Amino acid sequence: MLNHELKNLVLTRVLPTVRTPGQYVGGELNSVVKDHATVRGTVCLAFPDTYALGMSHHGLQVLYSLLNAGEWACERVFTPLPDLEAGLREHGLPLYSLETFTPLRDFDVLGFSLQYEICDTNVLTMLDLGGIRLRAEDRGPEDTLVLAGGPGGQNPELLAPFIDLFVIGDGEPSLPVVCELWTGMKGTGLSREEKLARIAAECPWAYVPRFYEPIYGENGTIVEIRRLREDVPASIRPCVIQDLDGTPLPTRPIVPFVETAHDRIAIEIMRGCPWQCRFCQSTVIKRPLRYRTVETIVRAALETYENTGYDEISLLSLSTSDYPDFEELVTRMSEVFTPLGVKISLPSLRITETLKKIPALLQEGRRSGLTLAPEVARDDMREQIRKPINNADLYEGCAEAFRRGWRKVKLYFMCGLPGERKADLDGIVEMAETIARIGKEVTGRYADVTAAVSNFVPKPHTPYQWNGMQSRDYFHWAHRYLRNRVKLRSVSVKYHDVERSMLEGILTRGDRRVAAAVEEAWRRGARLDAWTEHFDSRLWWKTFEDMGIDVPFYSHRERAVDEVLPWDHIHIKYGRDYLAKEQNRSVVQLEAMAGAV
């Protein structure tokens, strides 16, 4: 089924002029190539970012393995870097799948995995290069179905004009159903609208934007989100896997030819989080909490190791140390893989008493650095964000790590949270320098400590969704303040780019009116905005100005709890009332904090 003609043209005319051509040729270990004439249908998983990031994403490997285990031909495509995009356009060639060099327009289904709102323009690049009409309303009955899912789609309105259907919730059970329904209507003579309506009527987690219309009031806020057909759901509820342990892990993941962000085995041990941090979108949209058994995890990790040869295994979850059988799991993994020279990585550790045990549990495992996310440094602010951790546990855990060979610690913090004070910024530096000094007490030299500070963006489906984002000037001031407070040379503070955070603020919280500006920014050249070397903030701000988009209205305005939000028709497990209750509690706590100063 390989498109030899397109492959030959790409190899001979385009790839000789691009950097890292190995990311555009396919054929990697464990990739799957099927004859399209013998399968139920064809699906291309589209990751709207570079190959280096997309091939590091566990979810893509999960869906790829799941679909190819059945009667589908599932292939992959990633956002091309500008040199490949230019080469394809120069020679009039379409963007293609890596497995068979099939143009995207020739697939039955093209499914985007939306991870980060900043990548929205990459979706448009891939549609346009792939020969698919940009706007959903312009596609015909038999054209490729363009669907999307993932955390970046929790506010689907920014991409509503371009996506036929959004899948809300877990992709493993929902994606095969949509593919089955869509291909089952092939050649029936039904209009595209009727096909989409049938899927929406049958699947309560399928959101088809064309069947819903936002109605705006005189002040620019949304009055209602009006349903245009009675046979589609009034609100969308997430698809949820109940038996995570029974859901297969990808034990033959694709092994890239070229360097990627994470060259290692990834095993998802738990989905969801037992905590309810007010700033965190993931803990809300990933509910309920579900686990895999120790036996399932160890068996899958060993099988994956045998199929790939990787020398590192990452145990994934939102809060890995909250896994109920955590000590047993880490002990078993260490017993099985340490003799094989395989490191065990724990990328998401909660700061509890368990932290003190981890260095011993890992035995001869990872020794390069410890990564922790205290988020804030003061107890009253922790109560405000609902992240109940203890500094004593943090410091004792770091001390034990230093005793057993760790030399570096990376801490993740946020600035710009509701109610933030100078004391909260002071606490970031104090915590980092305290850990550095603990290193000196234990080892005789200051530990290397990095405080990575992100700029807080209120996210949809969190209690903070009604809060305004801090201003550009505030973030610049906070960064300078932190930088000037650092005294120890072994401590460094790194910051997220303010302009990109400003853009994230509007792309995360915007409504369907902002979609036209996204398209215009793309037409003016916006590409790969998550990458510093490609991001042009001036292009975006000029586009918003020219299109009459009021950025502060979307990013910095405080919203009333009873205001209709652009994503209100997308439901979460506990519902909007739960979020409102948490927001009201937050306001009371903030008032108490202000009064105590």
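A salt bridge is a side-chain nitrogen of Lys or Arg within 4 Å of a carboxyl oxygen of Asp or Glu. Asp170, Glu172, Glu268, Arg271, Arg290 and Arg292 are joined by such bridges into a network. The model is predicted: local features need pLDDT of at least 70, side-chain atom pairs count only at pLDDT 80 or more, and totals for chains, interfaces and linings use all residues. Residues are numbered from 1 along each chain as its sequence is written, and side-chain values use heavy atoms, leaving out hydrogens and water.

By the salt-bridge rule, the count comes to 52. One of them joins Arg512 and Glu157, 2.9 Å from N to O. This pair links distant parts of the chain, 355 residues apart. Arg512 sits in the loop between α16 (498-509) and α17 (515-523), and Glu157 in the loop between β4 and β5. Helices (H or I, at least four residues) and strands (E, at least two) are DSSP runs, numbered from the N terminus. Glu157 has 3% relative accessibility, so Glu157 counts as buried. Buried means under 20% relative accessible area, exposed over 50%, and partly exposed in between (1.4 Å probe, protein chains only).

Another bridge pairs Arg538 with Asp536, at 3.8 Å from N to O. Arg538 is exposed at 67%, while Asp536 is partly exposed at 31%.

Now turn to helix α7, residues 192-202. Its buried residues are Arg192, Lys195, Leu196, Ala197, Ile199 and Ala200. They pack against β4 (145-149), β5 (165-167), α6 (171-184) and β6 (206-207), where contact means heavy atoms within 4.5 Å. Lys195 also lies over the face of Trp182, 5.1 Å from the ring centre. A charge sits over a ring if NZ of Lys or CZ of Arg is within 6 Å of the ring centre and within 35 degrees of the ring normal. Arg472 lies over Trp541 in this way, at 5.3 Å.

Rings also meet rings. The whole structure holds 14 aromatic pairs. Rings of Phe, Tyr and Trp (its six-membered ring) pair if their centres lie within 6.5 Å; planes under 30 degrees apart are stacked, over 60 edge-to-face, the rest tilted. Trp540 and Phe544 have centres 5.7 Å apart and planes at 40 degrees, so this pair is tilted. Both lie in helix α18 (residues 537-546), four residues apart, about one turn of the helix. Trp540 is buried at 1%, and Phe544 is buried at 1%. Tyr574 and Tyr578 pair edge-to-face, 5.2 Å between centres and 80 degrees between planes. Ring pairs also join Tyr474, Phe475, Trp477 and Tyr481 into a cluster.
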